[in-house]
Structure formats: structure tokens, C-alpha cells
Amino acid sequence: MTSQHRHSSYIGLVAVLVAVAMAVVAIANLIADPYGVLSSLYKTDYRTPQIYARIAKPYAVRAIQPSVVALGTSRAAAGIALDPADWNGARVYNMAFGGQSAYETIRQFQHAVAVGEVSDAVLLLDFEAFLGGHWPKEGFSEERLAVDWSGISQRYPLKELAELMFSGESFLRSLFLSSVFNKNVDSFGTSDPAIHAEPLKKHGYAKEYQLDAYKRAQVQLHGQAPGCSRVQLTSMQALAELFALADRSGVRVWTGLSPVHVSRLHVYRRIGWWHAYAMWKSEVARIHSVSRQRARAIVDFAAPSALTTQSIVGSDPDSSPMHFYDGSHFTVDVGRHIIERLRNPRRADDFGVVLTPDLAATQHREIDGAVTDWALENEQDVALFEVIPAADPILMDRDSMRAWSQCKPRGE
Amino acid sequence: MLFHSVEFLLVFLPVLVASTGLVRVLFGRSAALTWLLLSSLVFYAVWEPAHLLILLGAIGFNYYVGSRLTHLDAGPARVAALALGVGANLGLIGYYKYAEFIRLIVRGEWSAVVEGGGAALPLGISFFTFQQIAYLVGCFATRENESSGRDYALFIGFFPQLVAGPIVRHDELLPQFKAPGVLRVTKERFSVFLSLAACGLFKKLVLADSLSPHYETIRFAMEDGRTLTLIEAWLGMLCAAFYIYFDYSAYADFAAGTAFLFGIAMPVNFLSPYKALTVGEFWRRWNVTLMRFLRDHVYIPLGGNRRGVARKYVNVFVLMVLCGIWHGAGMNFIYWGVLVSIILCAESACGGALSAASRNLLWGWIHRFLARTYVAIAYVVPLVFFMTPELDLSLDLLSSMLGQNGVAVPGHWIPVEFHPWLDSVGIDAVRLRSYGGFPQLGLLIVAGIVIYTLPSTPEIFRRTGAFLAHPLLQPLRYEALNWRPSHAWGLGIGALLAAAVFVRSPATPYFYFQF
């Protein structure tokens, strides 16, 4: 064999080896689709693993082009199961995902409006998503969305698809998909609460409530941006922009404040978020009232009601179903109730109160009293949260609330 | 446009290779060289078009001064021309790199000094400026300057070595432009390029870019005010040390491979530095062309080691402090240079005797193990200052590395029955927040195996002619380790390339681009 032939053979061998390896990886990734993205190229009924929801859901929206979407954090993702039958058979999709910031919510909404003909949006707002620590998380990508912040169209993210298709990390996940990954697939975005309730059996409900509340306290005390555990002006602007876009696009936004178990309100008071929470609600009501979305009432589902004051320690989940998985994540049954209530806000029901700018302060005082009553009547439940660090007045008080605009997320 | 980016690998390089070949066939070698020069300038302009003017201005000025140095008669005018040329080059780099730094020092704003700043740094300015200073000194010393303006511009602007070295001497590169086979892309050159590129991609994407986040973890932890324990600090700094090596070594492989594709050999820039048995040897094997420049143009003119021991130590001190300053305008680089020079002087004073004793008393492999451990420590400790602009953070990290901030082991490593005993000897068994677990440990082990057991790329590819000869570049002991276009090597290189392709990571810049 001549030198030239040897080099030709060598180059060919390297090229074939790389090509075969790439083909194997691409085929495995396409079939297993560990990020729940590649299958958006050829089907629309695939599941969306929660842990990669930031990656997967924008692609799902492109594939499904839903007319009705749900927006919000993990609370909406776990609890809102949109049923096409409730929406005249329209295509529905739950775009909520864990830790979705207000900015991400508006960007998801812009994306959905750009790729389809959205007529209705169920928007569940979480106070905590408006705090300084909740900026776009790892995995969020501007380029993945159909339009930029200004509404200008962006190219289809072919580069990311190619990267995911030939990614070794995807390949490894693909290989382990059947044995490991399936067990981690969350029910978020699906209608199967059983899977979501599964981890609770490990700790028990009481422990789960406590852990969840403790996490909130950690955000407040050791947030990713120290001193930024306060409502962000930019987040409020994002909400205003969302309503404005809905007005311009003729989308009906059904807005509610996420229900939380009353114990969460107790924790808010304990860690010093109470005044900020009240002011946030007033501001949300004000922003809503100046948009055309005021035609649909905004409902505060966090106000104590029969659904949100269920005893934690005293309840037996085997005999009476729990309405919450922990202090903030509600079940799909509660989610159905929310949608009914949002569409009929004036119906007599103790679950949720209609929020208006004029009544916000009065309502909050009543809620404060109701939380106090609950605390007095449920000493065992209250004892669960004694481990939560008490308020740090420097981090959150009226003055810092007023100064929210001075605090910017890291990276801004 | 990074060497490992899709834009470079799938667009720029294939188009350049094809077009250069076409120009060569149609118009000849000279036209192809001109085309390669223009393409190199485009490559540079992609980073920042405005900086191309600085590069072109520097090339034109130095070529003119070089011509004058060649033709001027010996005398004050010739010396003045050299001083002007060198001074202008130092002024250029000084303006872009050190003006703000010096201004802050003069004004006594020490707190701001560590933050650096100043004008936007033209990419590769530290490299092409030194290369041109070496050229002027060469013209002054030898009067040999037969190159055309085009060839000189290509010598400086040749894209594989333009932005991060190696710092090439004109007598190494310019004669190659006149070789008959230059710019002819052959299957042999392509297979060598492919193999070197695979090594470079593997080092950069699989090793370097996987190691750097572990260093970032300890850095962010320190910035957030958290105290690191002994293991966290050492593992993090080892990741930093190996990251820098693989990152720059990957660039050197890519530079050599790409240059060889056009028939041009590059000088060796890395020669298994971690295998050195002394710190002095380490610095002869690390960033070889930079250290050669500093040796030839700073250390030797100062007297080197010919004027007594005390003067030698002073010269070593000046050499390493200048080396530190070359890396950037920051007090941390000066601290680094001072510390390295102290280590070198101490080694020079008593290292020889210790090494001889160790060699005589211990088995060979134990001696090598101890010597390489010492070299690694002597590299990593000053690196703390190199990597951390803030002095207080550097000192805190050093305290952690000395165990002053506590010794802890990951709790799950040790059975819980032993935790009380660990506690009694002052070791905590806890969750280490800045320790990356087995992925980090596994990565360090793989990196260590590559660094300490495999030959360096210039050694493996020595016979191909992709690297210029170097005194430390010796034949390999095992014939099978010499690269050749065999099936076994094809499988190995293919595996490296596939692994690099499958690592899904954004194209991060090379560490040395900041200098």
C-alpha cells in the first residue's frame, strides 16, 4: 500500500467511525428523546419531562399550536389539567413549569401567541415568582422562542435541535431512559396526580409541608441574590406587558392568584413577607384593572377557605383526599375547581375572593385575621413551622418593598 | 471565530483550504500566499474589525523599522531605530494593557487596581507585539531580512498563531513560505491535521471545558463569602491547573495542525510540563515560545546566570515578574511572578542537592513521583494568585489549602460508624458544597492519566514534521506511540473526535485569549 493510499484509508476510517457514531447517537436520541424536544419534529402527543420543561415546552407549543394555554409556576404545572372539552374542543397546552419567573411567563406567552392562534390563557400568579431570586433559570433560552422581547420573529432553533440530536449527554440519558429516567418523569403538565403524590409517601404530608416552607425561608434568608428577596419592578412590568399583549392580540386571560395552604401564609408572616405580599396583591389588582382584561375578574385563591385550611397533622390522606401535596402545590381536583371559579367568579363559593384594587387592603386584613384564627385552632400544624427562621427585617419591610426598583437580578 | 466552533470547522477552514488550493493552481504559490494573508486578516477582523487597523499599523511600522535596521550602518542611528521600534511596540501594548493600571497606581487607587480595565484589548496583542519585537532584535543582530512585505505580514498575521501564539521567530516561519510544497494540501497533511485537530478538540471540549466549572464553583463560593475546606480548595485548584494546561495545549495542537495543513510547521509550545522533575524544567516545557522570548530578550541580556549567584536570582526575579505582567495588568499577576521567582531561586539554591539525595536514596519511580508532586504543588500554589484578582480571596484560598479553614471529607465517603472518630481528630464528615463528587474526581483522574502517562502531542507527531525540532523533543521509547496512518490510530483518533463531537457545550473562548 502506498503512502497516499494509507492516508486515504486512514482519513476514511476516521470519517466512517465518526459518522457511524453520530448516526447511532442521533437515532438513539430521536427515538428516546430524553429532553422531550426532538419528537416535536414528528409527533404532538409526547410527554414533557418536567426537569427539562424549559427546553421542551417551547418546542411542544410549536408542534401543538394551542389555542388555550396555562401559564405559571410548578403550582400551575402540577395542578392545572386543561381539558379540551371545557374549551369547545380547542387544542390546549399547559406551558407552566417549575420556578417560572414573571419574565419567563411573558416570554412563554409571547411565544405561544406568535406560533398559534391563542384565544384563552389561564394565568396563575405566584407571589414568589415576582421576587428578586426568580429570574430566568438555567435552561431558559431566548433563541428558543419564536419572537424576541420586542415581538420580532426569530429563526427556528435548528442549531439547538442539532446539538441535542448529536449530544452525548442526550445519548447517555437515552441509554438509561427505560431503567432510570422513566421513574423520574414527573406528572407536571399531565393529569395524573398519583405520580406527583408518590414522593410524599416517603416523608409523609406533614414533613413535606415543613420542607416546602423551609425552602421558602431559605430563599428569603440565603437567596441567590442576597438582599433581593423582594418584589421586582421588572416582574411587575412583565405582568403589565402580558396583559397589554393579550389586549392587542384579543386573548382572554383568566387570572388567579395561586392557592396556597394557609400554613404558607403563616410562614409568609413569620419570615417577614406579609406586607410585601399585601402590596404585591394590590399592585397586581391595579395592573389588571387598567387592562382590558378587567372584564374577567381576578380571583385570589390563597384567601383561606375550606380547601386551603385542611389540617396537616390531623388529616388522614387515606380516608380523605388532601387538596395540597405540600404548602403550595395543589391537586388537579383543586385545579379543576380553579378553572370553574375563574370562568364563574361571581358564583357563591368560599374558595377564592374576587380581587379589586379598592378592596385589596380590606381583604388582606380579613385574610390576616383568618390566618390568625387558623393558627390558634391548629397548634400542631403551627408547631411544624417553628423551625423556620424568623423574619429578618432588613431583607423585607415596607421600606425595602418601596425600594424594590433598586434591586436587580444578577446578570441584569 | 474559535478553532473549535462550527463556523470555523465547517465554513471558514474548508472554504479557505479549497480557495487557497484553487488560487495556487490557477495563479501560483505567490498569489496563494497573498490569498492566505487576506484570509488571515479576515479571520482577525471577525473578532473586532476596528482592531484590524491596529494590527495592520503595527505590521507596517515594524516592517519599515526592520528594513531600516537591515540597511542602516552601525552607529547611533541604528541603535536609535531599534530603540524606537521596541519602544513603540511596548508603547502599543502598554497603552492597551497597562495605561489604566499605571494611572490607578500613580493615583494610589489600590482598590481599583485589582479590577483592571482600560481600553478594549485587541485580540492577540501580547503575542504579535512580542513576535515583532523579536523580529526587530533579530534584524538588528543579524541584518538578515530578505522577506517581502507580504511575507512579513503573513509571518505576523498567519491565522493559526495570530491570536494566542506560539510566538514564532522570523527565521522559523519566513523560510517556510518559500518552500516549494507550501500551501499544497495533501492527504498526508490532511490526515495529520485531522489527528491533531481531534487531539485539540478532545482536550478543549471534553477535558478543559469539563474541568473549568469545578474551579468556577470554588471561585463563586469564595465570592459569596463561603469558606472552603482543604479538599474542596485543593480539588478546585487542581481542576484550574489542569484546565489551563488542556485549554492552551488544545489551542497549540489546533494551531500546529491547521498550519501543517498549509505545509507550515510550528514550534513546540507544550512538552509535557507536568512530567518535569524540577520547577525550572517545568517552565522550560510550559508555553515554550513565550519563555524562550523572555529568556532571549530579558534574562540573557540582563546577564543570565553568568554574573554570579545573586545577580542570577535578580534576573530570575525580573524574568518571572515580567512574565506575570505580560499576562495582564493586575497586582495578582505580579504576586504570581514574585512567588514563582522565589520558588525558582529556592530550587536553584538547594533543589539540586535535595534532588540528588532523593535520586540516590529512593527508587527511581518514588523519586519521580515525589519530584512531580513537588512540581505540581509549586505550580498550583502561585496559580492561586494568577487566577484570583482579589488578594483577600487568594489568601483565603491559600488558607483553605493549608487546612486553616478546616478539614472535612464528604460524609457519604465514610461509614457513619467512623464519623465520631473523625470528629475526634478534627475532621468533619459533612456534605462538601463545593466538591463536585465522583464526576469531579473521575475527571481529575482521567486528566491525571493523560498528563502523567501519555506522551505530549509534539512527541507523538514528531515524525510528521508538524512541529519544528526542539532540544527537549526526543524520540519516544515505544514505537507504537508514534502517530502513523494505521487502523489502530484511526480508531483512536476517531474515538477522540467522536467524543469531542458528542460533548454538547457552547464554544467557550480559550483561556489565553484574554492575554
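This is a predicted model: local features need pLDDT of at least 70, side-chain atom pairs count only at pLDDT 80 or more; totals for chains, interfaces and linings use all residues.
Colleague: Where does Q65(A) lie?

Modeller: Q65(A) sits in the loop that links α2 (53-64) with β1 of chain A, and its phi is positive, about 50 degrees, although the residue is not a glycine. Most residues other than glycine have a negative phi.

Colleague: And N88(A), what is its phi about?

Modeller: About 55 degrees and positive, again for a residue that is not a glycine. N88(A) is placed in the loop between α3 (74-79) and β2 of chain A, and N88(A) counts as exposed because its relative accessibility is 82%, which is over the 50% limit.

Colleague: Let's move on to the sheet in chain A; what is the strand order?

Modeller: The sheet is open, has 6 strands with mixed pairing, and runs β2-β1-β3-β4-β5-β6. Its edges are formed by β2 (92-94) and β6 (353-355) of chain A, each of which has a single partner strand, so one side of each is left without a neighbour in the sheet. On average, neighbouring strands of this sheet are turned by 20 degrees against each other, with direction ignored.

Colleague: In which sense does β1(A) pair with β2(A), parallel or antiparallel?

Modeller: Parallel, over 3 bridges, with V69(A) standing opposite Y93(A) in β2(A). The pairing of β1(A) with β3(A) is also in the parallel sense, over 4 bridges, and there A70(A) has V122(A) of β3(A) as its bridge partner.

Colleague: Which way do the side chains of β1(A) point?

Modeller: V68(A) and A70(A) point one way, V69(A) and L71(A) point the other way, and all of them are buried. In a regular strand the side chains alternate between the two faces of the sheet.

Colleague: Which helix lies across β1 and β3 of chain A?

Modeller: That is helix α4 (residues 102-115) of chain A, which lies across β1 (68-71) and β3 (120-125) and runs at about 170 degrees to β1(A).

Colleague: How many bridges join β4 and β5 of chain A?

Modeller: There are 2 bridges between strand β4 (residues 252-257) and strand β5 (residues 298-300) of chain A, and the pairing is parallel.

Colleague: Over to chain B; at what angle do α2 and α7 cross?

Modeller: Helix α2 (residues 29-47) and helix α7 (residues 149-157) of chain B cross at roughly 40 degrees, with their axes coming within 9 Å. The two helices, α2(B) and α7(B), are therefore oblique to each other, and their crossing is left-handed.

Colleague: Which residues make the contact?

Modeller: From α2(B) they are S30(B), L33(B), T34(B), L36(B), L37(B) and S40(B), and from α7(B) they are R150(B), D151(B), A153(B), L154(B) and G157(B). By residue type, the contact of α2(B) with α7(B) divides into 5 nonpolar, 4 polar and 2 charged.

Colleague: Last one: what does F61(B) touch?

Modeller: Leaving aside residues up to four places away in sequence, F61(B) touches L84(B), G85(B) and A88(B). F61(B) belongs to helix α3 (residues 49-71) of chain B and is partly exposed, with a relative accessible area of 30%. F61(B) and A80(B), which are 19 residues apart in sequence, are 15 Å apart in space, C-alpha to C-alpha.

Notes
Residues are numbered from 1 along each chain as its sequence is written. Chains are lettered from A and ligands numbered from 1 in the order in which they are written. Side-chain values use heavy atoms; hydrogens and water are left out. Axes are lines fitted to C-alpha atoms, for helices over the stretch in contact, and angles run from 0 to 180 degrees between N-to-C directions. Angles under 35 degrees count as roughly parallel, over 145 as roughly antiparallel, 65 to 115 as roughly perpendicular and the rest as oblique. A crossing is left-handed if the near helix is turned anticlockwise from the far one by less than a right angle, and right-handed if clockwise. Contact means heavy atoms within 4.5 Å. Ala, Val, Leu, Ile, Met, Phe, Trp, Tyr, Cys and Pro count as nonpolar, Asp, Glu, Lys and Arg as charged, and the others, Gly among them, as polar. Two strands pair if DSSP finds at least two bridges between them. Buried means under 20% relative accessible area, exposed over 50%, partly exposed in between (1.4 Å probe, protein chains only).
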